[in-house]
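I opened this notebook to record what I looked up in a structure that was new to me. The entries follow in the order in which I made them.

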Amino acid sequence: MAGYSDGGQSDENSHHIERLRIEPIYDSFICPLTKQVMRDPVTLENGQTFEREAIQKWFKECRESGRKLVCPSTLRELRTTELNPSIALRNTIEEWNARNEAAQLDMARRSLSLTSPENDAVQALKFIQHLCLKTPPNKHVVRNAELIPMIVDVLKSSSRRVRCMALETLRIVAEDDNDNKEIMAEGDTMRTVVKFLSHEQSQEREEAVSLLYELSKSERLHEKIGLVNGAILLLVGMASSNSENVSTVEKAEMTLQNLAQCENNVRQMAECGRLQPLLTLLLEGSSETKLSMATILGEQTLNNDVKVFVARTAGFSLINLMKSNDSQSREAALKALNQISSDDASANVLIAAGILPPLVKDLFSVGNKQLATRLKEVSATILANIVNSGHDFDSIPVGPNHQTLVSEEIIHNLLYLISNTGPAIEGKLLQVLVGLTSSSSTASTVASAIKSSGATISLVQFTEAPQRDLRIASIKLLQNIAPQMGQEIASCLRSSPGQLATLIKVVAENVGISEEQAATVGLLAELPERDVGLTRQMLDEGAFQLFVSRVIRIRQGEMRGTRFMTPYLEGLVRVLARITFALSESSGAVRAFSTRHNIASLFIDLLQANGLDNVQMVSATALENLSQESKNLTKLPEFPPPGFCASVFPCLSKPPIITGLCKVHRGTCSLQETFCLLEGRAVDKLVALLDHTNDAVVESALAALSTVLEDGVDVEEGVQVLLDAEGVKPILDVLMEKRTETLRRRAVWAVERLLRSEDIAYEVSGNPNVSTALVDAFQHGDYRTRQIAERALKHVDRIPNFSSIYTNT
């Protein structure tokens, strides 16, 4: 056994295995060439005995070198190379070996104990390794000697050296011997080995994964290994690790490949994100296996990258399985498709693979081929996922007559199902319509089909459904089609005040800011802003008062932001802006409300909502409406009637001087009562918005500023107000930038008013860029714009004023 020692020293009381031979090594057992105990002794003609393999090698070397054939011991020439087996000696050596190995084996048994010295345990394990490597049948000897459980037991040793050696020994004992593997799989051994996969020491992990790889070669152990808690997870982690050495990673990978032959292990691998084994079986397995794999896939929770991978790899196969006549296969496929369709990228892959026609067919089928209700819900969910991917659905045929999802017949069928199924399916199908109406290219087509179906009232009624998902879906759908069907929706709400009151109550709930609140206020904001009847009804319901308080709380920071904060605030501001379109409402209630709540001040404050373009745009538009009312609301001064002398001799009278009048409106103004922009110091803020990058914001701001230049006010004073606010140059810049046709039209109008001031006209006449912009508008604008541009060009003498040279004849 000295050949198995690693040089370590044991205690004085230790019993070294090499001392336990019951007989010494006899010289006749040793081959003179190898100096090792012979296994197959043969005798030459001169009686000398050698190991067969060694003497044959000697003869070969003699021939190749051209030397005479001589005996390596005596160096005398041999007449023949005939080798005679020394059967008796071989038997004697084998008996000697057996007796010594039995003694060494017995000592190994006694040394394989947790109380044995470390070196004795290591020597015992090395001896067992040597014994098994010496000849495969010796593995049976180790098994029959019941050493395997003892080797397993020393895995609990406190010595890392012993533990590593025990793992290595178990691997050698298990190689190519299924019976030994079965014994190792008994009891708690597997769990003990798996624990080593998570040890900090890499050597223990390497030995453990090597052992598990060897055990995994036995099909009977696949399930048992997989049943050990954490085994699959740890192996998957090692196989994908960048920090482990290459050999360990390869062993973990090969172990997983072996374990993938068990479906339960495939399930666990899928749960750990290793889906390739599952997909391979789904593509290549038997019908039963495909069903099983699809079922497993339908139970997984996948991240978006994995969904795309699965869709590309197995989407077509799952769609084919969905078309099966077998109900179990259809159910499994639908559930799997439901899992992978919720990502936009994977949904587009499924569309390309042809999922839409069979999906729509399943939803609309009746009779014997009709899907069970629970599966129709899954189909509706998949379709909702698909249509929310933003694909162009008006070009994909889904019906027998080249119908698409936005065809009138398909929309009518969807609306029929929505009215005749349970809440779960109704909610999903409403989400389908939400997806189809989210694109401007298809919203008008879908809205037209809804209008022709007469389903508007039913859709509005869903806003009061007890199921939250159903309510939100219906509200979002109505919001999407409101640009095309706003008047119909408003009429439904006016005819059913309770529904309008319910929507207002939802918006004003003190529950933070929810998705439902944002969607609801978004719907109200999309309704026709000039519908005075609806505005009056909302006023009567207390909507505006509630919404003003919500906006103020948000601006003061009392309501904290959520991901729905921006659409919620934008919706509130848009709804509040409705009242500025109804200021001339006959009863005066709208104007009274606006005055009481100083609504103009609120919109001026909102001009400074930086980063919220829609809020700034709507606020500027509201201020435009309010400012247009200022000239009607301002209190003009009342002059006393002239006396007798003044009436006879007007030259003797002087007009009274009244101070404190608004220069633009020529009367008494205030922000709260007459909504005067000057009194609210709004002009500077509006001028600042002319530099905004959003054209819509610039257009609204310019429109509001133009109210101080329009007919009915003192235009000269209005020009002076803009000069004082340094607003003339920004208006000229808007004209020269040529952003949009609408902006050019507004800018040309404003510039023509500004050029009525001789000083400004003189200054502008020296700016060729302004003249060029006006000429361009004169040449390419619409009829009204060309007329205004012509007048502006006359102000700067670019076009002669012919009326001044006409004379009477």
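This is a predicted model: local features need pLDDT of at least 70, side-chain atom pairs count only at pLDDT 80 or more; totals for chains, interfaces and linings use all residues.

**Entry 1: aromatic pairs.** I searched the whole structure for aromatic pairs and found three. I noted that Tyr26 and Phe29 form one that is edge-to-face, with 5.2 Å from centre to centre and 75° between the planes. Tyr26 is partly exposed, at a relative accessible area of 38%, whereas Phe29 is buried, at 4%.

I next followed Phe29 to Trp96. Their ring centres lie 5.5 Å apart and their planes stand at 70°, so I recorded this pair as edge-to-face too. Which parts of the chain does the pair tie together? Phe29 belongs to the segment before β1 (41-43) and Trp96 to helix α2 (residues 87-111), so the pair links parts 67 residues apart in sequence. Trp96 is buried, with a relative accessible area of 3%.

**Entry 2: a charge over a ring.** I checked Trp58 and found Arg67 over its face, 5.5 Å from the ring centre.

**Entry 3: nonpolar cores.** I asked which residues touch the most other members of the largest nonpolar core. Within its 241 residues, they are Ile355, Leu356, Leu405, Leu436 and Phe603. Helix α25 gives this core its largest share, 12 residues. I also noted a second, separate core of 18 residues, with Phe50, Val70, Leu78 and Leu89 among them.

I then examined Leu436 by itself, leaving aside neighbours within four places in sequence. Leu436 is in contact with Val387, Phe393, Leu405, Val406, Ile411, Thr442, Ala443 and Val446.

**Entry 4: helix α27.** I tested the length of helix α27 (residues 515-526). At 1.5 Å a residue, its 12 residues should span 16 Å, and I found its end C-alpha atoms 17 Å apart, which agrees.

Methods: Residues are numbered from 1 along each chain as its sequence is written. Side-chain values use heavy atoms; hydrogens and water are left out. Helices (H or I, at least four residues) and strands (E, at least two) are DSSP runs, numbered from the N terminus. The expected span of a helix is 1.5 Å times one less than its number of residues. Rings of Phe, Tyr and Trp (its six-membered ring) pair if their centres lie within 6.5 Å; planes under 30 degrees apart count as stacked, over 60 as edge-to-face and the rest as tilted. Buried means under 20% relative accessible area, exposed over 50%, partly exposed in between (1.4 Å probe, protein chains only). A charge sits over a ring if NZ of Lys or CZ of Arg is within 6 Å of the ring centre and within 35 degrees of the ring normal. A nonpolar core is a set of buried Ala, Val, Leu, Ile, Met, Phe, Trp, Tyr and Cys residues joined through side-chain atoms within 4.5 Å. Contact means heavy atoms within 4.5 Å.
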